Amino acid sequence: MIKIAILGAGAIADAHIQSYRKFKDRCDVVAVVDLYPEKAAEKVAKHSLRAAVFKDLPAAIGQADFDAASVCLPPFEHAQATIGLLRAGKHVLVEKPMATCLEECDAMLQAAESSGRVLSVVAQNRFRTPMMKLKRILESGLLGSVLHGQVDSFWWRGGNYYDLWWRGTWKKEGGGCTMNHAVHHIDLFLWMMGAPIWVQSVSLNLAHDNSETEDFSTSILGYPNGSVGQVTASLVHHGEEQQLAFQGARAKVAVPWQVKAMRPRENGFPDENAEAAAQIQAFYDALPAVCHEGHDGQIGNFLEAIEGRGALLVDGAQGRRTIELISAIYQSSHLEQRVVLPLSADAPFYTRAGILERARRFHEKTKSVANFATNDITFGRDFGN
Ligand SMILES: NC(=O)c1ccc[n+]([C@@H]2O[C@H](COP(=O)([O-])OP(=O)(O)OC[C@H]3O[C@@H](n4cnc5c(N)ncnc54)[C@H](O)[C@@H]3O)[C@@H](O)[C@H]2O)c1
C-alpha cells in the first residue's frame, strides 16, 4: 500500500484526493498539509480520510510516514517542495506548471536523479480518449507530413480571478495564461508535434487589471522540417472553445474530434476527399478508450511507476520541455525578439531572477485575498470522445 501526502489543500487538492481514492486498494492518503490547518482538516472530513493534518512540509516529513506526495501548492513553491520531498526519499507528482523557470526545473530533475525517486508533472489532459487517439493518428502517418499545428488555448476568467494572493504576479504565479492555462495545451502540442526550433511571440494584457502578467499571447513556432505551429493563449474568450488542430498534406484532424480531407480538382480548387476522411475515421474508431480519464489516469500512471509496473507518461523532462517553450514565448514577447530553442542556461529568461528583472508588468496587483469563499473550479472544454 503506497502512503500518500497531499501538500496544499486548496482547489485542485480535491481532484488528487478523489483520484487516489479510486485506487484505494493500492494507496492511502495519510497526510494533508496546508498553511491553514483548518483547510487540510476540511479535506480530511470531506473525503472521509484517516489522515493526519500538518501545517508545513518539514512537520509532515518529520512526523508522518508516507511514500509519495502530490504537490498542489502555488507555482512558486513547486520547486522547493518537490526537491525537499525527493531528498527525503518521497516520490512526487507535482501540479502544473512544473515550476516558474527552467533553472528550477533543472534543480528538480537533478534531485529526482540523485534520489532515484519518481517525479511526474500533472498534464491530465493527455489521459483523455480523444487526445490519446489524436496522438496515435499523428504517429500513424495517415495525415502525410504535418504542415501546420494549431493550439487555441482559449479560456475565460473574470477580473476577480486575480484577487487570489498568489495569482497575477511574476514572482508567485510565474506568468499569466500562457504559464498557467495554456500549459495544458502546450504540453499536448509538444507531445504530438515535437519541439520547435524557434518561436516569435506577442503577449498582452487585454482585460485583467489586477494582474502584472499577460491574459493573451500568440506565438508562431518554427520546426526543423519547415512546418509551422501557432499557439494562442487567452483568458478573454467567452465559451472557452479550446482546440488542437493539425493540417497534414492529406487531411486535417482536430480535438474536439474532427477529420476533414480535400483533394484537388483539375484547376486546383478543392473537393471533399471522403475516402481519406473515412480511412482516418475508421482508424480513430478502432482505437481503444482510456480506462481512467484526467487526474484518475495520471494518478494511476504515477502509482504504476512507483510500483515498478509501468513507465511514466509525463516525467520531469517532459514537464521541463513545456516550461522551456513557455519561457521562450516570454523571452520573445517581452524582449521583442525571435528566440531560438533550446534555451541555454545563459538565456535571459532561464532563471526566475532573469524573468523578474526583464518581464514587463502590465498592471500593478492591488487587490489580494487569502482565500475565496468557494473552491469550485472548472477545467476548460470537455473534449468528448
Ligand atoms: N491540473 C489542473 O487542471 C489544475 C487546476 C487548478 C490548479 N492547478 C494548479 O494547482 C496548484 C494549486 O492551485 P489551486 O488552485 O489549488 O490553489 P489554492 O490557492 O486553491 O491552493 C493552494 C493551497 O496551498 C496552501 N499553501 C500555500 N503555500 C503553502 C505552504 N508553503 N505550505 C503548505 N500549504 C501551503 C494554501 O493555503 C492553499 O490552501 C497550482 O500550481 C495550479 O496551477 C491545476
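Is Tyr-161 buried or exposed? The points below take up this residue and others in a predicted model.

1. Tyr-161 has a relative accessible area of 17%, so this residue is buried, the limit being under 20%. Tyr-162 is also counted as buried, at a relative accessibility of 0%.

2. The count of aromatic pairs comes to 5. One of them joins Tyr-161 and Tyr-162: the ring centres are 5.1 Å apart and the planes stand at 90°, so the pair is edge-to-face.

3. Trp-257 and Tyr-284 form a stacked aromatic pair, with 3.8 Å from centre to centre and 15° between the planes. This pair links distant parts of the chain, 27 residues apart. Trp-257 belongs to the loop between β12 (252–255) and β13 (258–260), while Tyr-284 belongs to helix α9 (residues 274–286).

4. Tyr-284 has a relative accessible area of 2% and is therefore buried. Lys-133 lies over the face of Tyr-284, at 4.4 Å from the ring centre.

5. A charge over a ring is also found at Trp-198, where the charged end of Arg-338 sits 3.7 Å from the ring centre.

6. Helix α5 (residues 102–115) packs with helix α11 (residues 316–335) at an angle of about 170°, and the axes are 9 Å apart. Because angles over 145 degrees count as roughly antiparallel, α5 is roughly antiparallel to α11. On the α5 side the contact is made by Leu-102, Cys-105, Asp-106 and Leu-109. On the α11 side, the residues are Gly-316, Ala-317, Arg-320, Ile-323, Glu-324 and Ser-327. By type, the residues of this contact divide into 5 nonpolar, 2 polar and 3 charged.

Conventions:
Residues are numbered from 1 along each chain as its sequence is written. This is a predicted model: local features need pLDDT of at least 70, side-chain atom pairs count only at pLDDT 80 or more; totals for chains, interfaces and linings use all residues. Side-chain values use heavy atoms; hydrogens and water are left out. Axes are lines fitted to C-alpha atoms, for helices over the stretch in contact, and angles run from 0 to 180 degrees between N-to-C directions. Helices (H or I, at least four residues) and strands (E, at least two) are DSSP runs, numbered from the N terminus. Angles under 35 degrees count as roughly parallel, over 145 as roughly antiparallel, 65 to 115 as roughly perpendicular and the rest as oblique. Contact means heavy atoms within 4.5 Å. Ala, Val, Leu, Ile, Met, Phe, Trp, Tyr, Cys and Pro count as nonpolar, Asp, Glu, Lys and Arg as charged, and the others, Gly among them, as polar. Rings of Phe, Tyr and Trp (its six-membered ring) pair if their centres lie within 6.5 Å; planes under 30 degrees apart count as stacked, over 60 as edge-to-face and the rest as tilted. Buried means under 20% relative accessible area, exposed over 50%, partly exposed in between (1.4 Å probe, protein chains only). A charge sits over a ring if NZ of Lys or CZ of Arg is within 6 Å of the ring centre and within 35 degrees of the ring normal.
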